[in-house]
Every structure is written in structure tokens, then in C-alpha cells.
Amino acid sequence: MRQDKSKYQNFFADVYEVVKLVPPGRVTTYGAIAEYLGVKSSARMVGWAMNAAHSEPDVPAHRVINRNGILTGKHHFFTPTLMQELLEKEGVTVINDKVQNFDALFWSPTKALE
DNA sequence: GACATGACGGCAG
DNA sequence: CCTGCCGCCATGT
């Protein structure tokens with residue numbers, strides 16, 4: 001256990017806040033969030049932070065995918081199919097765990113919040 | 001402290 | 001887009 005875990009709480013809060021700002025029917029990537037938080041070299045930390053998102057029910061984690069537009073985190077949901085179903089429910093087409101037209105659906109926090 | 005793992009990403013082939 | 005390799009950094013053993 002680290003001495004200053006409070007700073008991680010701040011990191012989590014930032015990630016959650018950005019994810020909550022993702023509009024329905026749009027998606028973003030771990031790398032984009034990492035870049036916005038200034039830790040772009042460590043996109044894995046964003047994924048790690050998302051692992052703790054289970055304590056935040058308002059975080060639409062299904063809108064956060066990897067740079068390929070693939071639902072890499074689907075296995076972390078209550079059911080492996082929930083992530084895709086939520087996206088399709090918002091109008092996002094998902095085929096074989098991959099978001100279709102990902103380039104147009106991509107939402108950049110850096111660009112949106114600049 | 002070494003070693004392995006991971007909801008990632010960039011680059012090369 | 002896929003596969004392989006490496007860099008990144010916190011976590012667990």
C-alpha cells in the first residue's frame with residue numbers, strides 16, 4: 001500500500017469525470033483519456049483506473065475502448081455481452097467486438113474540452 | 001527486489 | 001486489421 005493513495009483517488013476522479021462527459025452514442029479511448037490527464041505514455045494506468053470504476057455506477061465504461069475500436073474490456077462487465085449491448089442500445093454498431101465507423105464516433109476529451 | 005500480469009499504445013512486418 | 005516486440009507503470013506473488 002502506498003503512502004499517498006489520495007493522489008490516486010484524484011486520478012480516478014479525473015478519469016471518471018472525463019468518461020462521464022462522453023456523449024451517448026460516442027466512444028473514446030484509454031489513450032485519449034491518458035493524454036488529457038497528462039499521462040499519455042501510460043494508457044495502461046487509465047485501464048487500471050477503470051478497473052476501480054466498479055465503485056462508480058455512473059461511469060459509462062462501455063464507451064471507453066482501445067485505440068483499435070475493440071471492446072477489450074467487455075470481460076470486466078457483469079456479463080461479457082453487456083458492453084456491446086449498451087453500445088448498440090445507444091446506436092453504436094458493434095461487430096465481432098469491434099465498433100463500426102469508429103473514426104466518426106471517436107470522442108476526444110482534449111478536443112472537446114479545450 | 002525480481003518476476004509476471006494487465007480494461008494500452010506505437011512501431012515494424 | 002493481425003501478430004510480435006517493446007515501453008509504460010501500478011499491483012500481486
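**Labels and their cut-offs**

Me: Why is Lys 74 called buried?
Reply: Lys 74 has 13% relative accessibility. Buried means under 20% relative accessible area, exposed over 50%, and partly exposed in between, with a 1.4 Å probe and protein chains only. Lys 74 therefore counts as buried.

Me: What kind of model is this, and how is it numbered?
Reply: The model is predicted: local features need pLDDT of at least 70, side-chain atom pairs count only at pLDDT 80 or more, and totals for chains, interfaces and linings use all residues. Residues are numbered from 1 along each chain as its sequence is written, chains are lettered from A and ligands numbered from 1 in the order in which they are written, and side-chain values use heavy atoms, leaving out hydrogens and water.

Me: Where does Lys 74 lie, and which residues does Lys 74 contact?
Reply: Lys 74 is in the loop between strand 2 (64–65) and helix 4 (82–89). Helices (H or I, at least four residues) and strands (E, at least two) are DSSP runs, numbered from the N terminus. Beyond its neighbours within four places in sequence, Lys 74 is in contact with Thr 79, Pro 80, Met 83 and Asp 97. Contact means heavy atoms within 4.5 Å.

Me: Why is Asn 96 called exposed?
Reply: Its relative accessible area is 69%. That is over 50%, so Asn 96 is exposed. Asn 96 sits in the loop between strand 3 (94–95) and strand 4 (98–99). Asn 96 also has a positive phi of about 55°, although it is not a glycine.

Me: What makes Asn 101 exposed?
Reply: Asn 101 has 55% relative accessibility, so it counts as exposed. Asn 101 lies in the loop between strand 4 and helix 5 (102–105). Its phi is positive too, at about 55°, and Asn 101 is not a glycine.

Me: Why is Asn 10 called partly exposed?
Reply: Its relative accessibility is 47%. That falls between 20% and 50%, so Asn 10 counts as partly exposed. Asn 10 belongs to helix 1 (residues 6–20).

Me: What makes a set of residues a nonpolar core, and which residues have the most contacts inside the largest one?
Reply: A nonpolar core is a set of buried Ala, Val, Leu, Ile, Met, Phe, Trp, Tyr and Cys residues joined through side-chain atoms within 4.5 Å. The largest has 18 residues; Val 15, Val 19, Ile 33, Val 46, Met 50, Val 59 and Val 64 have the most contacts inside it. Helix 1 gives the most to this core, with six residues.

Me: How many residues surround DNA strand B?
Reply: 17 residues surround DNA strand B, and the closest are Gly 31, Arg 44, Arg 67, Thr 72 and His 76. A residue is near a strand if one of its heavy atoms lies within 4 Å of it. Helix 3 gives the most to this surface, with six residues.

Me: How do you know that His 76 makes a polar contact with DNA strand B?
Reply: An N or O atom in the side chain of His 76 is 2.9 Å from a phosphate oxygen of DNA strand B. A polar contact is a pair of N or O atoms within 3.5 Å, so this pair qualifies. A polar backbone atom of Met 50 lies 3.0 Å from a base nitrogen of DNA strand B.

Terms used. Polar contact = N/O pair within 3.5 Å; in protein donor to acceptor, adjacent residues only side chain to side chain.
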